Amino acid sequence: MSASTLTKQDLQHALPDTTSTYRLPGLDGAVDIVRDGYGIPHVNATTTHDVFFGQGFATAQDRLWHMDYDRRRAYGRWAEFAGKSGVDGDVLMRKLQIEASVRRDYRALNGEAKAMLDAYADGVNAFIKSTKTLPAEYALVGGKPERWRAWDCLAVYKMRHITMGGYEEKLWRARMVNVLGPERTASLYGSYLPGHMVIVPPGAVYDGALADGLAVFQKLRRDVEWLSEVDGGSNNWAVSGSRTASGKPLVAGDPHRGLDTPNVYYQVRLRCPEFDAIGLAFPGFPGMPHFGHNADVAWCVTHAMSDYQDLYMERFRKGGAEYEFKGKWKKAKTKQETVKVRDGEDVAVEVVVTQHGPVILGEPKNGHGIAFKYTALDGPNVFAESIAPMLRAANADAMEESMRGWVDPCNNFTFGDVHGDIRYLNRGRVPIRSAANHWLPVPGWTGKHEWEGSIPFEELPRIKNPSNGYLVTANNKIAGKDYPYHLSLDYAPEYRYRRIYERLDAIKKATVADMRSVHAERVSMPAQALVPLLLKTTPADERSKRAMEHLKGWDFKMEAGGVAATVYSAFRLKLQERLVRHLLGPLADEVLDSGGRAVPGHMRQLEAVFVAKAKEGDTSVLPPKTTWPQVLAEALKEGVAMLTKRHGEDMASWTWGKVHYTRPRHTLSVSFPQAVALLDPPTVPIGGDGDTPQAATFSPQEPFVLTSTSVARYIFDTSDWEKSRWVVPLGASGHPGSPHYADQARTWGNVEDIPMTYDWATVQQQAETAQRLERG
């Protein structure tokens, strides 16, 4: 099969058998896999081993290509299928040595965690061995799936979180120091704004000073000079029974990531005598580590934005064979690897590892490199030991204790139980080290920047049954100036947090419908600040004057059907571009065109500064001899001109949903553009933006196509699990030929949801398909 001959029928013929009975070796007894009307599997088994076996089997049926995609990326083998487009990622992952790390992790796990991973892997392999059809993608690339190993589960999970710990931000700050100098960089990197809200305690605001990196930048400037040669979100909340109609807690939220195809999360139910849990899993990994509920407790996370990845500048000699530490030369671990490339030449990769970790940038053979130290790679990572205990947790106390060994990623872990408790825990391992580590890559040869343990579990920030009756997290700053440990410099502004907090504060008898309305909250706080200032200015031209008419009387809601949201977004985009070009000079194009995490993260901070300065009338961020009225009026003029060029003269047609939409891309769309029409799910218009609880971020490179959004929404009702709801932006299946490939997309786009059916009799009655796996 080739991309040019691929048909819809080919995709349909590749669908798995989800109705036949299979006799399979390795089972203790029978396993039932019942799929509901959305194709979501409910796995029922008589033993814990068998329920994980069933999860592996069902996940492979729906997402085998997805699992293999993540595994190949983790091990630096994606280019074998994707060709040249996969090479850069493969080279980095080979240097990181993920496979060696997960093998080490697996060996260190306790018996329960190993048994869980083994059973899941056995289920995956049982499907691979028994199926008569494979996902159509394998025919496109001329490949087939390899045997799934227990540690592959750890690899796909690690792959999904390796960029979340802060190292990219440190590289970006080093680049700023090199190009702009220490003083300018320090003035542009103040971290979290005073007056913005923090998570702990609920309702508090940050009353500390702006972060000041000047001393570090000045001290390390000479050390980081050579780096000029190197190329280089979510919401959740819990409401206690004192503020709900049922008298029991509600737990809700939505994780924000790039919109992958298939979706990063997989809806699944696991039912056995030991636990009965339903939630969102990572394809390739057992359980549901981020979002779900069992019979007694509901749990969810947002990214804590914590700093748990460091970069060490290393000095090498003897062609990279030795590196310096405290005046002595130590032997580096080195080896050569080869990346195979589909329809291309092999790429040689030199792997160098120091005591700080693998070297990911630089040229050790030429005397320098950057080593990557990361909690998930630093010694055995036994986080998988938390999964089974969390699935069977009978109350909030047990759930909190199950997180004691959690390592990565660091999360804002929010949970509530049927007994009435709601809680928050900043879970994960955060290392203790020098202040310089927080800002920049640090010299690895001095011994002055080594890790000195981690924040003790008992001292991690937490909340238990707050007196106000609810708690919120939204990637904002976690704790105030009196918290004794460093957590991070890089947080999202308060906007989403404050809107959710204000919405919950106004609800006295909360229901599931109320939680859904919070998901759909689209009021933009930056628009509330900037648009009134803009409306006071004199329009720069006639079309600006007409555009202003759309902004008059606007309620600042980023509604998909409105024109005001589009005009505001174009205006703000041009305002930010103008200020960034003034403030960052030679780095401006890089800032405005960058992806990844670091530069967009810095832009979020700068955008919040611009809003605050505009409100205060502070002209320190403006070009010389300009005023806010002048700059605002010119930004509107430029934004209207951009919209006119892109979308025509008729302003009434500039609805937000027309220009602001999803564009999901299959993993093979780049490699096989002829097959895009069959592989890519349809686009969906969407409201909100990056500052609203209905998260829908876009980048300056391609206004206003979504780059990050809610990749799931959930509402857990502890008073009656049957009332719980959820939705994902595509569907349960990863097969482009399946009716469940993107059947939830429109529901998701409308901020609606579907039942999270928990009653087993109802599941059976409403089953779309049912399948039994029997002991062979």
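1. Start at one pairing: Ala 238 stands opposite Val 251 in strand S5. This is a predicted model. S5 covers residues 250-257, and its partner is S4. The two strands pair in the antiparallel sense, over six bridges.

2. S4 also pairs with strand S22, residues 470-473. Four bridges join S4 to S22, and the two run antiparallel. In this pairing, Val 239 stands opposite Tyr 470.

3. How many residues of S4 are buried? Six of the six, across residues 234-239. S4 is therefore largely enclosed by the rest of the structure. The cut-off for buried is under 20% relative accessible area.

4. Which residues of S4 lie on each side? Ser 234, Asn 236 and Ala 238 are on one side. Asn 235, Trp 237 and Val 239 are on the other. Both faces are covered, and all of these residues are buried. As background, side chains in a regular strand alternate between the two faces of the sheet.

5. Now the nonpolar cores. The largest has 159 residues. Ile 98 and Phe 285 have the most contacts inside this core. Its largest share comes from helix H2, residues 48-74, with eleven residues.

6. What is Ile 98 in contact with, leaving aside its neighbours within four places in sequence? The list is Ala 74, Tyr 75, Met 93, Ala 155, Lys 158, Ile 162 and Leu 377.

7. A second core is separate and has 78 residues. Among them are Tyr 189, Ala 614, Val 621 and Met 642. In soluble globular proteins, nonpolar side chains tend to be buried together.

Key:
Residues are numbered from 1 along each chain as its sequence is written. This is a predicted model: local features need pLDDT of at least 70, side-chain atom pairs count only at pLDDT 80 or more; totals for chains, interfaces and linings use all residues. Side-chain values use heavy atoms; hydrogens and water are left out. Buried means under 20% relative accessible area, exposed over 50%, partly exposed in between (1.4 Å probe, protein chains only). Two strands pair if DSSP finds at least two bridges between them. A nonpolar core is a set of buried Ala, Val, Leu, Ile, Met, Phe, Trp, Tyr and Cys residues joined through side-chain atoms within 4.5 Å. Contact means heavy atoms within 4.5 Å.
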